Amino acid sequence: MSDFPESRTPVQPPVSPPPTTTHVPEGAQSWILGRREDARLITGAGRYVGDLDVADCLDVTFVRSRVAHGRLLRVDTSAAAEVDGVLGAWSAADLGDELTYVPPFRPTGEPDMRRVPALADGRVRYVGEPVAVVLAADRYVAEDGADAVRVDIDPLAVLVDPGAAAASSTWLFDAVDNVVSDMEFGDPVPDEVWQQAHVVVEGVYRQPRLAPTPMEPRAILAVPETDGRLTVWVSHQAPHRLHRDLATALELDAERIRVRVPDSGGAFGAKSGTFPEYLSVVRLALQFGRPVRWLEDRAETLSGATHGRGQNQRVRIAADANGRMLALSLEVDADIGGYPTGGFFNAETGQAAGGVYRTPMVHARIRTVVTNTTPTAPYRGAGRPEQVYAVERTVDLLARRLGMDPAELRRRNFIPPEAFPYESPTGRRYDSGQYELALDRALELVDYAYWREEQQRRRRSGSEWPLGIGICSFAERSGLEQKPMANEWAALSVEPDGSVTARIGTCSTGQSHETVFPELVARTLGIPAHNVSLVQADTDEVPQGIGTFGSRSMQVGGAALHQAARDLIAEAKRRAVEPAGGDADYANGVVSTGERSWTLGELANASPEPLRVEGVYDGPAAFPFGAYVAVVEVDRELGNVRVLRLVAVDDCGVAIDHQIVEDQTRGGIVQGIGQALYEEMPFDDEGRPQADNLLDYLLPTIGELPPLTLGTTVTPNPNSALGAKGAGEAGCIGTPPAIVNAVIDALGPSATGGGTAETDIGGVQLPLTPEACWLASGLQEVGAR
């Protein structure tokens, strides 16, 4: 399909949601929740893809493989096509040469030959892979058509563990083995270092798969317009990338595609890609000349959408008698599922292996491996929670081996403030940090000495509710290090009425851009915030952009708007002194010379040339950090974990809006609690996911939220005039290790599973369900009595 069809049935455009230009009248900030977005979202007035009112709209549903691995012998769609109301049903065989493939997205590494078809072609590689698409007058009829499709699959050996898949002679793709990448960071640690060290500890951990579970699953609506263009409404994090991929995959003129993101019900990384289903939806809209919509249901999003995490980890640390860390080794087999669509984020686990510690020798080996499971992709934290969990659990293991307080052990090994910028042995350049200051603040807020005394009191009394304290110190990367992903486009224009319109290439999925970005621009220009409007998430209105992920929005997008505001001031001053030249001053939206003053609006109206600036602004990666402390108690009889206190001290540089940063932190902490105590997407030996609803896949609710204490330290970003670092992912990075370390501290040595202080193998693993705690600690004997 080389271009749009010349003939199509004319359709009416959809009734749009609130325009992508958001302007709030003066006084609207008095809304009780304080964000511009809240007035419509909390009252149910938000407009999502599923809310768009489109004439003559068709719906699709997908037939998905129920077999994890096998040769696709036949997909019979004939009966589906005869269902009343079904306009057609297609498999890969039906499409033939028209079958499209998802364009690869791999910021690191070479392109891979393991291509992702829009519909399974010749072989299925995971349960939930689309094998056919059914188009009908509405979703219910499409579901009936999907039920009529008959699929014949010849099963093959199933691989669900990445270590086993790496060694297996069963390959998921012909002529290429299952190891997609084998990356090393830092130099291997010599054997004599391990042999001569005073102490060596080792931990083996499993990072289970997690389902991102946004409130709104994936959703897309493709609308052929009467002028020959195509508008794609989609819940997405990176509309410009999707725009580019659609043009490439479907061989379309990019100028004739418009991608728009209306309100979005969350993403957490799961909506940053270009998915096979999207290609089918757009292709059918073009073929039939009518709007086509797909709304993913909850079962699909749990078992068919991308998952996060999924690593097997082995960590070794060598130290001297004083607890000084001499070497750290991290080995990871990362499960990236049936196709290598987003496994690149595992490189972050390796590059950040040394964490916040000044360890002379650090080596990481990260293998990414395809398995017969749902593909993985970035999920909130994207490689950083995995690294922090592995290292912080092993640091606690080292403290137990040395009989040292875990806080003191960390202090002895932190990278000191004077060492920044710090070049790590794995090649990472950390910009700034005050790790001990953050830890000391967290210990103060939790009242560390009190809880240690309470712990000893309970141990002496033989309490059935032993108490533990867990610590996590971490640094993370926000933004990206490689260009062009480290840049962002921004523009500011002064309208004839003197208001300012800001345009930015990021795309909010709940991060409060509509509130914070106008606040930032207004603060820089010295004008009221209600005079600034924001335009985003529309490829016609915003010509280029990278998107929202990796905690980059304020650090990169905000810095771009901040610089654009400074450029606008400079341009306004230049116009004020033309043509005679001279100097001008600027304050609070007014430019003054020795002779007269102009408001921005007056300057904009004084020339036929718009008062506008735009550009692509650099935003190099930054390294926020934090310290988390959890206090827990464990029911000896039942294995239940109760989190009594959770303290989070984060340093994200200069916070532009403290309340929104705190809200982001709370959200991340809740997800971190879910990872620590509840969430897991297990697969059986046949590769079948064991949770397709929210009764089987457990999420924390408000009832599971413990008392939270949030604190901050401020270490400005030295590479940005704004001083901000990322803040959106810290909560799910620091929370799981703090809670798990606290549980192990409560249960004692038996929880490590290996039986010695030198190893942590086969003991408590995520998530810490009551059964896991009960079994790992030997508490089953209590239950037997």
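This is a predicted model: local features need pLDDT of at least 70, side-chain atom pairs count only at pLDDT 80 or more; totals for chains, interfaces and linings use all residues.
**Exercise 1. Work out whether strand 21 is enclosed or open to the surroundings, and find its partner.**

Step 1. Nine of the nine residues of strand 21 are buried, so the strand is largely enclosed by the rest of the structure.

Step 2. Sort the side chains by direction. In a regular strand they alternate between the two faces of the sheet. Here Leu-467, Ile-469, Ile-471, Ser-473 and Ala-475 point one way, while Gly-468, Gly-470, Cys-472 and Phe-474 point the other way, and all are buried.

Step 3. Look for the neighbouring strand. Strand 21 runs antiparallel to strand 29 (residues 625-634), joined by nine bridges. Within this pair, Leu-467 faces Glu-633 of strand 29.

**Exercise 2. Take Ile-469 and describe its surroundings.**

Step 1. Check its accessibility. The cut-off for buried is under 20% relative accessible area, and Ile-469 counts as buried because its value is 2%.

Step 2. List the contacts, leaving out residues up to four places away in sequence. Among them are Tyr-448, Trp-451, Arg-452 and Gln-455, then Val-629, Ala-630 and Val-631, and also Asn-741, Ala-742 and Asp-745.

Step 3. Compare sequence and space for one pair. Ile-469 and Gly-558 are 89 residues apart in the chain, and their C-alpha atoms are 37 Å apart.

**Exercise 3. Two residues other than glycine have a positive phi: are Phe-268 and Ala-537 buried or partly exposed?**

Step 1. Phe-268 has a phi of about 60° and sits in the loop between strand 14 (257-260) and helix 8 (276-288). With 31% relative accessible area, Phe-268 is partly exposed.

Step 2. Ala-537 has a phi near 60° and is in the loop between strand 24 (532-535) and helix 16. Ala-537 counts as buried, because its relative accessibility is 6%.

Step 3. Follow a contact of Phe-268. Gln-671 of helix 18 (residues 658-677) touches Phe-268, and its other contacts include Pro-212, Tyr-379 and Cys-732. Gln-671 is buried at 11%.

**Exercise 4. Which elements line the second largest pocket?**

Step 1. Start with its size: the volume is about 700 Å³. Of its 26 lining residues, Phe-62, Val-63, Arg-64, Ser-65 and Arg-66 are the closest to the centre.

Step 2. Name the elements that give two or more residues: strand 2 (58-64), helix 4 (139-148), strand 9 (150-155) and helix 9 (298-303). Strand 2 gives the largest share, four residues.

Step 3. Sort the lining by class: eleven residues are nonpolar, six polar and nine charged.

Methods: Residues are numbered from 1 along each chain as its sequence is written. Side-chain values use heavy atoms; hydrogens and water are left out. On a 1 Å grid over the protein atoms alone, a cavity is a set of points where a 1.4 Å probe fits but cannot get out, and a pocket is an open set with protein on both sides within 12 Å along at least five of seven lines; lining residues have an atom within 4 Å of a point. Grid points are joined across faces, edges and corners, and a volume is the space filled by probe spheres set on the points. Ala, Val, Leu, Ile, Met, Phe, Trp, Tyr, Cys and Pro count as nonpolar, Asp, Glu, Lys and Arg as charged, and the others, Gly among them, as polar. Buried means under 20% relative accessible area, exposed over 50%, partly exposed in between (1.4 Å probe, protein chains only). Contact means heavy atoms within 4.5 Å. Two strands pair if DSSP finds at least two bridges between them.
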